[in-house]
Amino acid sequence: MHGANYFRQKLARGYLIVSRILIISEALILRRSCFLDQEGWRTIPWMDDHRSKTSLDAIIELMACIPRLREESDVLQSMQTHILAVPAHEFRERLISFMAELFLWRWRYEQSHPGMAFEVSSEATGRNKDSPLRTTFYPTMFFFKNFDTGREPLLYNTALLMIFALAATWQLADPAAQAMAKLPQQEHPLRCTNPLSLPHARLRIEDILHENCRSFEFFLQGPHAAAGAMVLLLPLRFAYVYSKEERQKTWLSKIMKRISRTCGFGIFDKLTDLSLITMD
């Protein structure tokens, strides 16, 4: 295996960039940390071209930290109660700090991408007979200015879903409020420029889940449909895992089957198998 220095070359760095999300996805499935959360892998490949790093790089780097959090949560949960108190407290603090980092990313993205999303009627977007939107319970959907602009909030929401789920496992009260309290007021944008949710003290896992679900159709329409389907691999999976409504699970299953049928990605037929990713 090549070390991080090898990927300082522009061509090699390009391969690393496109491979990261697949490496992270496998680590999430296995609930095992991956090398991409190490400082060297976050900095060395860009040492000669640090200005090329983008907000997409930033959110993927944050996502690369989640497999380790899931693994450590499993280890701590398996420990005996009398030796758990101190590491458990520290782990809860790390979860809140990580949620604050995600919030900070979201605010900065809002400031650099004003007006990135808008609402459209589900009836208007569900004219295709294959679209599950014809029977959806969402009256409107979120569409974006372009594919790249929409992909990053989708990944952010997916990361936030997993952190909310871990916070629930550790019985953290009002995790969003605790995360907000860690951030300076001057970092808060003055206003939201689109219908997506900004971080706030009363934010819930359900809010994030529904926001992602209302974004899925955008990625399955137009010339980017195949690329959009692959982007939805993790978001769809975790939306299905964390959904508590059977009707919503059925709707998500229809989207997965549609992708499998229209794009030829058979893996989507298996995303409803809960044994593939252990739930928090």
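Mentor: A search of the whole structure finds two cavities of 30 Å³ or more, a cavity being a set of points on a 1 Å grid over the protein atoms alone where a 1.4 Å probe fits but cannot get out. This is a predicted model, in which local features need pLDDT of at least 70 and side-chain atom pairs count only at pLDDT 80 or more, while totals for chains, interfaces and linings use all residues. Residues are numbered from 1 along each chain as its sequence is written, and side-chain values use heavy atoms, leaving out hydrogens and water.

The largest cavity has a volume of about 60 Å³, volume here being the space filled by probe spheres set on the points, which are joined across faces, edges and corners. Its lining, meaning residues with an atom within 4 Å of a point, consists of Leu16, Arg20, Ile24, Leu36, Trp41, Arg42, Trp46, Ile60, Glu61 and Ala64. Two or more of these residues come from each of helix H1 (10-30), helix H2 (39-43) and helix H3 (55-63), where helices are DSSP runs (H or I, at least four residues) numbered from the N terminus. H1 contributes the most to this lining, with three residues. Sorted by class, the lining has seven nonpolar, no polar and three charged residues; nonpolar covers Ala, Val, Leu, Ile, Met, Phe, Trp, Tyr, Cys and Pro, charged covers Asp, Glu, Lys and Arg, and the others, Gly among them, are polar.

The second largest cavity holds about 30 Å³ of space, and the residues around it are Phe144, Gly150, Pro153, Leu154, Asn157, Leu196, Glu211 and Ser215. Here helix H7 (residues 147-169) gives the most, with four residues, and the lining divides into four nonpolar, three polar and one charged.

H1 and H7 come together in the lining of the largest pocket, to which H3, helix H10 (225-231) and H11 also supply at least two residues each. A pocket is an open set of points with protein on both sides within 12 Å along at least five of seven lines. About 410 Å³ of space lies in this one, and of the 17 residues that line it, Val18, Ile21, Arg151, Met230 and Val231 are the closest to its centre. H1 again gives the most, with six residues, and by class the pocket lining has 14 nonpolar, one polar and two charged residues.

Turning to the packing, H1 and helix H4 (residues 66-78) meet at an angle of about 10 degrees with their axes 9 Å apart; axes are lines fitted to C-alpha atoms over the stretch in contact, and angles run from 0 to 180 degrees between N-to-C directions. H1 is therefore roughly parallel to H4, a term for angles under 35 degrees. In this contact (heavy atoms within 4.5 Å), Ile24, Ala27 and Leu28 of H1 meet Ile66, Pro67 and Arg70 of H4, which gives five nonpolar, no polar and one charged residues. Ile24 is also one of the residues that line the largest cavity.

H4 in turn packs on H7 at about 15 degrees, with the axes 11 Å apart, so these two helices are also roughly parallel. Ile66 and Arg70 take part again: together with Leu69, Ser73 and Gln77 in H4, they meet Ala159, Met162, Ile163, Leu166 and Thr169 in H7, a contact of six nonpolar, three polar and one charged residues.

Finally, H7 packs against helix H11 (residues 233-242) at an angle of about 35 degrees, with axes 10 Å apart. Leu154, which also lines the second largest cavity, joins Thr158, Leu161, Met162 and Ala165 of H7 in meeting Leu234, Pro235, Phe238 and Tyr242 of H11, and the residues of this contact divide into eight nonpolar, one polar and no charged.

Notes. Angles under 35 degrees count as roughly parallel, over 145 as roughly antiparallel, 65 to 115 as roughly perpendicular and the rest as oblique.
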